[in-house]
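Thank you all for coming; I would like to take a few minutes to walk through one model with you. Please have the sequence and the structure on screen while I talk.

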Amino acid sequence: MINQLIRWRPPLSKTFLSTESGKNGHGEILGFKTIIKPSNESVKRHYQKLSETIKRFNAAPQVKLIKELNPIIKGWCNYFKSVCSKEIFSGLYNLTHIRIRRWADRRHPNKNKHWVTNKYWTTRGNDNWVFGCKYKDNTFELIKHPRIAITRHTKVKGTKSPYDGDSLYWAKRQGKHPELKDPIAKMLKRQEGKCNWCQLTFQEGDAIEDDHIIAKKAGGNNSLNNRQLLHKHCHDEKTRDDLKAIKAYKQEKEWQLLTKWFDKQNWIWVDDIPTLVTSHGTHKEPDCRGAV
Ligand SMILES: [Zn+2]
């Protein structure tokens, strides 16, 4: 029993950070997709944000709603305009229009659609659906997603990451990432835009995940020092290692419990075997199951 437990004891300091490249089952280094487009998730999140804002402003004046929505639309479109297909922009515009239409109709349940249209929409050139109004001598109009010119930039260079905080490079590409949360931004900066597992630079369209360097179930905490960003597929690989670490951690805990219990006992070494001393003399292989 004791010998078995000693064999279980994991190395005391094991670093779970690997600098090796992630490899697949055939030993080839795993690449990553360089799909240059926003993920469906990102499109969905953007629409949800618009939708929630419209809902939140259901009693606010039109100008307030426009002022609130425009920066959201502009920020998202500017960031993705170089990488986004026209269809995505048109789709987002259509969805937003439906939501705005409902916003307007609900405010005037006793008026017909024509009246509501005339109140909130105006005409510019041959566009009859400009959601806009005048306010203190200024004109406010809701930005339409497809209106933000689709300009194809040179692709993000392979060694450059949109996330590496290289301000000069980014300045050229304009706009900040609209969805980057602060801890994520910090980690990206610390990792210089690279995945800590495969050391490859994150690219737009990569699935990136927030990982606990030492798994929480293996005693790791939630602080930023114990977190890192990994590609999803790299994260999957690391999770397999985590499972081993969690097992080792549990065994270490059991070992600690056992030694604690053992220290309290009256024992001596007999032929390199710890042996309990009882009132009736000594006997080998103490039964310590109760302590674990
Ligand atoms: Zn990776």
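This is a predicted model: local features need pLDDT of at least 70, side-chain atom pairs count only at pLDDT 80 or more; totals for chains, interfaces and linings use all residues.

Let me begin with the core. The largest nonpolar core has 16 residues, and those with the most contacts inside it are Leu69, Trp76 and Cys77. By a nonpolar core I mean a set of buried Ala, Val, Leu, Ile, Met, Phe, Trp, Tyr and Cys residues joined through C-beta atoms within 7 Å. A residue is called buried if 20 or more other C-beta atoms lie within 10 Å of its own, exposed if 12 or fewer, and partly exposed in between, with the C-beta atoms placed from the backbone.

Residues are numbered from 1 along each chain as its sequence is written.

As for the overall picture, the protein has 8 helices and 8 strands, where helices (H or I, at least four residues) and strands (E, at least two) are DSSP runs numbered from the N terminus. Buried residues make up 17% of the 292 residues. Of the contacts with a separation of 6 or more, 67% are between residues 24 or more positions apart; a contact here requires C-beta atoms, placed from the backbone, within 7 Å.

Now to the helices. Helix 2 (residues 40-56) packs with helix 3 at an angle of about 175 degrees, and their axes are 10 Å apart. Axes are lines fitted to C-alpha atoms, for helices over the stretch in contact, and angles run from 0 to 180 degrees between N-to-C directions. Helix 2 and helix 3 are therefore roughly antiparallel to each other, given that angles under 35 degrees count as roughly parallel, over 145 as roughly antiparallel, 65 to 115 as roughly perpendicular and the rest as oblique. On the helix 2 side the contact is made by His46, Lys49, Leu50, Thr53 and Ile54, and on the helix 3 side by Leu65, Glu68, Leu69, Ile72 and Trp76. By class, this contact of helix 2 with helix 3 has 6 nonpolar, 2 polar and 2 charged residues, where Ala, Val, Leu, Ile, Met, Phe, Trp, Tyr, Cys and Pro count as nonpolar, Asp, Glu, Lys and Arg as charged, and the others, Gly among them, as polar.

Is Thr96 buried or exposed? Thr96, whose place is in helix 4, counts as buried because it has 22 C-beta neighbours inside 10 Å. Thr96 and Ile54 are 42 residues apart in sequence, and their C-alpha atoms are 9.1 Å apart in space. Pro71, in helix 3, is by contrast exposed, with 11 other C-beta atoms within 10 Å.

Strand 1 is joined to strand 2 by 3 bridges, and Thr122 stands opposite Val130 in strand 2. Strand 2 (residues 127-135) and strand 3 (residues 138-141) pair in the antiparallel sense over 4 bridges, with Tyr135 opposite Asn138 in strand 3.

Finally, the backbone. Most residues other than glycine have a negative phi. Lys136, however, in the loop between strand 2 and strand 3, has a positive phi of about 50 degrees although it is not a glycine, and Lys136 counts as exposed because it has 6 C-beta neighbours inside 10 Å. Gln199 is not a glycine either, and has a positive phi of about 65 degrees; its place is in the loop between helix 7 (182-190) and strand 4 (208-212). With 16 C-beta neighbours inside 10 Å, Gln199 counts as partly exposed.

Terms used:
Two residues are in contact if their C-beta atoms, placed from the backbone, lie within 7 Å. Two strands pair if DSSP finds at least two bridges between them.
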